[in-house]
Structure formats: C-alpha cells, structure tokens
Amino acid sequence: FKADPRLISVMISLRDQMETQLSIVLFPLTGEWFYAAKEKGAYLNGQILDNSHVGSDLGKSWVMMNHQSNAENESDEFRKLDKDLRSGRGARAVTRELPNAGGNVRLLADAWPNAVAFVHDNSPKYVKQGPWDIIPPELIVREAGGVMLNAKGMLVDPFKPEMVIAAANAAIANQIIELLPRASSLAMEGVDLAAGVHARRW
C-alpha cells in the first residue's frame with residue numbers, strides 16, 4: 001500500500017433479498033468518496049458519475065490487468081487474454097496493476113485518463129476476488145453506466161471464482177470478451193454477447 005495511496009479503500013454494501021441497494025467505496029488517504037444507490041445514480045464526492053466521456057474503441061484505450069502474483073496460479077484464459085490484448089486486435093496500452101478491487105470505480109472518474117477496463121484473474125486455483133471485492137464496486141460502476149462481466153459476457157457472479165471484466169461501458173467489455181476463445185464458440189451458437197449484459201441483475 002506504500003506504493004500508491006490510491007490502492008487503499010474501504011468498501012461497504014447494503015443488500016436486501018440478494019439485491020444490492022447501496023454501495024460505498026471510500027479511499028481514506030485521498031479523500032475520495034464513491035457511492036451509489038440502486039436506480040439513483042453514482043457519485044464521487046457529491047458529483048454525479050457517468051460514462052459519457054469514455055470512448056468505445058478498445059484500440060485507442062488503456063486496459064489494466066490484475067494478475068496473480070504467482071504465475072502458477074494464473075488461469076490459461078487470463079494469460080491468453082493478456083497476450084491478445086497486446087496484439088493488433090487489442091488495446092492501445094495494457095499494464096499490470098497492483099491488486100486493487102476498489103480501483104474498479106475509478107474507471108468512471110478522471111483518476112486514470114483513457115483507462116477503460118480493469119480485468120481481474122480470479123482462477124479457481126487461487127481466488128483473488130471475493131464477494132466483498134465485487135459487490136460494492138459493481139453497483140457504483142453499473143449506476144454510472146459501466147459493467148462488470150464474466151468471460152461469457154454475463155453479469156459477474158460474486159459468489160463464483162470467475163474472471164472479472166470491469167469496464168466503463170458495455171462496448172469496451174464486449175470487445176475484450178470477443179478476444180477470448182470462448183467468445184468464438186458462443187458466436188457460433190448464436191449468443192449475443194451484448195444482450196448478456198442485461199441477462200441477470202443482483
């Protein structure tokens with residue numbers, strides 16, 4: 001945490017009937033206060049957050065990767081995506097970031113200009129993102145117009161060890177997902193990845 005004060009966050013959510021009603025992500029060392037209420041928008045220090053300033057072209061954007069510290073625990077899916085994102089079909093910039101679940105909410109702020117997505121490896125071999133890491137930022141990201149999806153293009157399940165793709169908008173998320181091998185097979189089966197964003201709410 002000494003590396004960057006922006007990494008330290010306190011995250012809290014209120015849930016009712018398995019639905020997230022309220023979320024708060026506080027960065028105590030920077031004074032940033034992100035919060036959202038279901039269907040009432042997302043805010044940063046009293047100012048509304050939205051994704052209107054975020055582009056939808058992956059090739060012009062910055063993607064951050066939250067990798068496993070031990071490469072032996074890294075999933076094959078994440079490893080391949082990391083490589084493909086750094087190809088001609090991928091993003092303009094791809095960086096590996098220190099573990100930072102609260103950082104998902106920064107995608108809708110100006111803290112990281114041109115950063116549009118944060119991909120977290122959550123291999124069953126070594127679960128990095130628990131429900132407490134996923135649920136609070138998910139509501140804030142969603143209320144600001146972003147998404148948090150799994151590799152199938154569905155809303156991420158906080159109670160399953162699966163890859164988490166947090167993106168400032170659905171267009172960016174789907175361009176990332178299309179790089180995954182699974183996306184090709186889904187397309188052959190006639191699955192609309194964009195439609196999956198609205199397939200499940202929690």
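Why are Glu 138 and Arg 142 separated by about one helical turn? The two residues are four apart in helix α2 (residues 131-143), and therefore about one turn of the helix lies between them. Helices (H or I, at least four residues) and strands (E, at least two) are DSSP runs, numbered from the N terminus. Glu 138 and Arg 142 form a salt bridge, with 2.8 Å between the closest N and O atoms. A salt bridge is a side-chain nitrogen of Lys or Arg within 4 Å of a carboxyl oxygen of Asp or Glu. Both Glu 138 and Arg 142 are buried; buried means under 20% relative accessible area, exposed over 50%, and partly exposed in between (1.4 Å probe, protein chains only).

The structure is a predicted model, in which local features need pLDDT of at least 70 and side-chain atom pairs count only at pLDDT 80 or more, while totals for chains, interfaces and linings use all residues. Residues are numbered from 1 along each chain as its sequence is written, and side-chain values use heavy atoms, with hydrogens and water left out.

The structure holds ten salt bridges. One of these joins Lys 80 to Asp 84, with the closest N and O atoms 2.4 Å apart. Both residues belong to helix α1, where they are four residues apart, about one turn of the helix. Lys 80 counts as partly exposed because its relative accessibility is 36%, whereas Asp 84 counts as buried at 10%. Arg 96 and Asp 82 form another salt bridge, again with 2.4 Å between the closest N and O atoms. This pair links distant parts of the chain, since Arg 96 lies in strand β7 and Asp 82 in helix α1, 14 residues apart. Arg 96 is partly exposed, at 43% relative accessibility, and Asp 82 is buried, at 4%. Both residues also belong to a network of salt bridges that links Glu 74, Asp 76, Arg 79, Asp 82, Arg 86 and Arg 96.

Helix α1 spans residues 76-85, and its buried residues are Phe 78, Leu 81, Asp 82, Asp 84 and Leu 85. These residues pack against β6 (62-66), β7 (93-96), β8 and α3 (170-177), where contact means heavy atoms within 4.5 Å.

The largest nonpolar core has 50 residues, of which Phe 34, Leu 49, Val 63, Leu 85 and Ile 176 touch the most other members. A nonpolar core is a set of buried Ala, Val, Leu, Ile, Met, Phe, Trp, Tyr and Cys residues joined through side-chain atoms within 4.5 Å. Strand β8 (residues 115-120) supplies the largest share of this core, five residues. Apart from its neighbours within four places in sequence, Ile 176 is in contact with Leu 58, Val 63, Leu 81, Leu 85, Ala 117 and Ile 165.

Strand β8 is mostly covered, with six of its six residues buried. Strands β6 and β8 run parallel and are joined by five bridges; two strands pair if DSSP finds at least two bridges between them. Within this pairing, Trp 62 has Ala 115 of β8 as its bridge partner. Strand β8 also pairs with β10 (residues 164-167), here in the antiparallel sense and over four bridges. The bridge partner of Ala 117 in β10 is Ala 167.

Asp 57 is placed in the loop between β5 (47-49) and β6. Asp 57 counts as partly exposed because its relative accessibility is 35%. Beyond its neighbours within four places in sequence, Asp 57 is in contact with Ile 172 and Gln 175. Its C-alpha atom is separated by 9.9 Å from that of Gly 90, 33 residues away along the chain.

The structure holds two aromatic pairs. Rings of Phe, Tyr and Trp (its six-membered ring) pair if their centres lie within 6.5 Å; planes under 30 degrees apart count as stacked, over 60 as edge-to-face and the rest as tilted. Phe 27 and Phe 34 form an edge-to-face pair, at 5.8 Å centre to centre and 75° between the planes. Both of these residues are buried. The pair formed by Tyr 35 and Tyr 43 is stacked, because the ring centres are 5.6 Å apart and the planes stand at 20°. Tyr 35 is partly exposed, at 25% relative accessibility, and Tyr 43 is also partly exposed, with a relative accessible area of 25%. Arg 106 lies over the face of Phe 27, 4.0 Å from the ring centre; a charge sits over a ring if NZ of Lys or CZ of Arg is within 6 Å of the ring centre and within 35 degrees of the ring normal.
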